[in-house]
Amino acid sequence: MSDAWTRRRERMVRTQIEARGVRDPNVLAALAAVPRHAFVPEAVRSLAYDDCPLPIGGGQTISQPYMVALMTEALGVGPGDRVLEVGTGSGYQAAILAEMGCRVHTVERDPALAEAAAQRLARLGYGQVSVHQGDGTLGWPDAAPYRGVVVTAGGPRVPGPLRDQLDPGGATLVMPVGGRGLQELLGVTRRGSRFSTEKLGGCRFVPLVGEEGW
Ligand code: SAM
């Protein structure tokens, strides 16, 4: 029996994600499976499946569902791939990647958010996600290289350490780059020592704060 949350989630996938052109069946299935309402504060729970970012405390946000889907599809990762996320926030993006079968490392600079996300992910059955507290602009070298790196905060440039931690055998980084308020979503693909960059559209993310950020 599908409950009201499940029906809202299915509607979200249909009207906000598929309707805007996201096609990867793995991404769509993950968005339909992960209980987004469990990743947002009680006060905004009724808005969990709306077409917008939501506050999660500490001045931070959980990204708009479509943006999560777009960035995940652009990563091009699948089951068994090791993926790094910078900016754990609520843990929702990490759960989407885990639901797709990826081995996820996620780094959050805010200790309270990192702790809450680790507990939430474990409670929801995503205990295989490794949550680290620290400056994600330096990546997480201990588990490198990664087939995918997704940065969910906006920085002035792509941090060198994140490029270095991409798998030379073929990997993609997706990150908002630009000003503090408005950025361009970039997809950077690595093959060997060659890097190519693609522009994926405009976006608005909270600032990436750190040694290689703002
Ligand atoms: N991906 C998150 C989710 O699914 O809920 C949303 C991320 S929120 C838009 C951006 C996050 O990046 C914030 O939690 C912020 O604290 C974090 N952040 C900013 N700079 C960071 C850094 N240098 N290293 C790690 N996390 C950082």
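Biologist: Which residue in β9 stands opposite Arg191?

Modeller: In this predicted model, the residue opposite Arg191 is Arg194, in strand β9.

Biologist: In which sense do β8 and β9 pair, and over how many bridges?

Modeller: Strand β8 covers residues 183-191, and its pairing with β9 is antiparallel, over nine bridges. The two strands form a hairpin with two residues between them. In the turn, Gly192 has a positive phi of about 60 degrees.

Biologist: How many residues of β9 are buried?

Modeller: Strand β9 runs from residue 194 to 203, and one of its ten residues is buried. The strand is therefore described as hardly covered.

Biologist: Let us step back to the whole chain. How many helices and strands does the protein chain have?

Modeller: There are six helices and nine strands in the protein chain. Of its 214 residues, 50% are buried.

Biologist: What radius of gyration does the chain have, and what would a compact globule have?

Modeller: The protein chain has a radius of gyration of 16 Å. A compact globule with 214 residues would have a value near 17 Å, so the two agree. Along the principal axes, the C-alpha atoms fill a box of roughly 50 × 35 × 35 Å.

Biologist: And what share of the contacts joins residues at least 24 apart?

Modeller: Among contacts between residues at least 6 apart in sequence, that share is 57%.

Biologist: What does Leu97 touch, leaving out residues up to four places away in sequence?

Modeller: Leu97 touches Thr72, Leu75, Val77, Val83, Cys102, Val104 and Val150.

Biologist: A new topic: how many aromatic pairs does the structure hold?

Modeller: The structure holds two aromatic pairs. In one of them, the ring centres of Trp5 and Tyr49 are 5.9 Å apart.

Biologist: Why is the pair of Trp5 and Tyr49 called tilted?

Modeller: The planes of these two rings lie at 50 degrees. Planes under 30 degrees apart would count as stacked and planes over 60 as edge-to-face, so this pair is tilted. The pair links distant parts of the chain, since Trp5 is in helix α1, Tyr49 is in the loop between α2 and β1, and 44 residues separate the two.

Biologist: Is Tyr49 buried or exposed?

Modeller: Tyr49 is buried, with a relative accessible area of 4%. Trp5, at 25% relative accessibility, counts as partly exposed.

Biologist: What about Phe39 and Tyr92: how far apart are the centres of their rings?

Modeller: Those centres are 5.6 Å apart, and the planes stand at 70 degrees, so the pair is edge-to-face.

Biologist: Over which rings do the charged ends of Arg20 and Arg163 sit?

Modeller: The charged end of Arg20 sits over the ring of Tyr66, 4.9 Å from its centre. The charged end of Arg163 sits over the ring of Phe195, at 4.5 Å from the centre.

Biologist: Back to the loop between α2 and β1. Which residues is His37 in contact with, beyond its neighbours within four places?

Modeller: His37 is found in that loop, and its contacts are Trp5, Arg9, Arg45, Ala48 and Tyr49. With a relative accessible area of 14%, His37 is buried.

Biologist: And how far is Ala48 from Arg9 in space?

Modeller: Their C-alpha atoms are 9.0 Å apart, although 39 residues separate Ala48 and Arg9 in sequence. Ala48 lies in the loop between α2 and β1 and is buried, with a relative accessible area of 0%.

Biologist: Last one: where is Thr172 placed?

Modeller: Thr172 is in strand β7, residues 171-178. Thr172 is buried at 13% relative accessibility, and its contacts beyond four places in sequence include Ala74, Leu75, Val149 and Val188.

Technical notes. Residues numbered from 1 in each chain as written. Predicted model: local features only at pLDDT ≥ 70, side-chain atom pairs only at ≥ 80, totals over all residues. Heavy atoms only, no water. Phe/Tyr/Trp six-rings, centres within 6.5 Å; stacked < 30°, edge-to-face > 60°. Helix = DSSP H or I, 4+ residues; strand = E, 2+ residues; numbered from the N terminus. Buried < 20%, exposed > 50% of the residue type's maximum accessible area, 1.4 Å probe, protein only. Lys NZ or Arg CZ within 6 Å of the ring centre and 35° of its normal. Contact = heavy atoms within 4.5 Å. Pairing = 2+ DSSP bridges. Rg over C-alpha atoms; globule rule 2.2 N^0.38 Å.
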